[in-house]
Amino acid sequence: MRLTKNLLALIVLAIGVLWSLQGVGVVGGSFMTGQSQWLYVGLVTTLVGLVGLVWANRSRG
């Protein structure tokens, strides 16, 4: 179960980073490229992914 939580959190984190990079125009080829709103959406998504990683790996004792 821990592996599943980690994988899900890493996927969310990767999507957030991708959206952020598209928002600032580093990654092209999408309707999101250069749209600053995707930077903010990506940053929030990245934060959710990081919180998910912490949650998945917290100690159980």
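Reader: Where does Leu-7 sit?

Author: Leu-7 lies in helix H1. Helices here are DSSP runs of H or I with at least four residues, strands are runs of E with at least two, and both are numbered from the N terminus.

Reader: Before we go on, what am I looking at, and what are the ground rules?

Author: This is a predicted model, where local features need pLDDT of at least 70, side-chain atom pairs count only at pLDDT 80 or more, and totals for chains, interfaces and linings use all residues. Residues are numbered from 1 along each chain as its sequence is written, and side-chain values use heavy atoms, with hydrogens and water left out.

Reader: Fine. How many helices and strands in the chain?

Author: The chain has 2 helices and 0 strands.

Reader: What is the span of H1, end to end?

Author: The end C-alpha atoms of H1 are 33 Å apart, which agrees with the 33 Å that its 23 residues should span at 1.5 Å a residue. The expected span is 1.5 Å times one less than the number of residues.

Reader: Now H2. How many residues, and what reach?

Author: H2 covers residues 36–56, so to speak 21 residues, and reaches 30 Å from its first C-alpha to its last, close to the 30 Å expected.

Reader: Which residues of H2 are buried?

Author: Trp-38, Gly-42, Thr-45, Thr-46, Gly-49, Gly-52, Leu-53 and Ala-56 are buried in H2. They cover an arc of only 120° around the axis, which puts them on the same side of H2. That arc is taken from the directions from the helix axis to the C-beta atoms.

Reader: Why would a spaced-out pattern end up pointing the same way?

Author: An α-helix has 3.6 residues a turn, so residues three or four places apart point the same way.

Reader: What covers the buried residues of H2?

Author: The cover includes H1. From the other direction, the buried residues of H1 pack against H2; they are Asn-6, Ala-9, Leu-13, Gly-16, Ser-20, Gln-22 and Gly-23.

Reader: Give me the contacts of Ser-20.

Author: Apart from neighbours within four places in sequence, Ser-20 is in contact with Trp-38, Leu-39, Gly-42, Leu-43 and Thr-46. Contact means heavy atoms within 4.5 Å. Ser-20 counts as buried, at 9% relative accessibility.

Reader: And Thr-45, from the H2 side?

Author: Thr-45 is in helix H2, and with a relative accessible area of 15% it is buried. With neighbours within four places left out again, Thr-45 is in contact with Val-12, Gly-16 and Trp-19.

Reader: How far apart are Leu-3 and Ala-56 in space?

Author: They are 8.3 Å apart, C-alpha to C-alpha, although 53 residues separate them in sequence. Leu-3 belongs to helix H1 and is exposed, with a relative accessible area of 60%.

Reader: What about Gln-37 and Lys-5?

Author: Their C-alpha atoms are separated by 28 Å, and they are 32 residues apart along the chain. Gln-37 is in helix H2 and counts as partly exposed at 48% relative accessibility.

Reader: Switching topic, what is the radius of gyration of the chain?

Author: The chain has 13 Å, whereas a compact globule of 61 residues would be near 10 Å. The radius is taken over C-alpha atoms, and the globule rule is 2.2 Å times the number of residues to the power 0.38. The C-alpha trace spans about 45 × 15 × 15 Å along its principal axes.

Reader: How much of the chain is buried?

Author: Buried residues make up 26% of the 61 residues.

Reader: Which residues does UniProt list as a transmembrane region?

Author: The unreviewed UniProt entry lists residues 39–56. UniProt positions are given in the numbering used here, feature names are shortened, and annotations may be inferred rather than shown by experiment. In the model that span is 100% helix and 0% strand, with its end C-alpha atoms 25 Å apart.

Notes
Buried means under 20% relative accessible area, exposed over 50%, partly exposed in between (1.4 Å probe, protein chains only).
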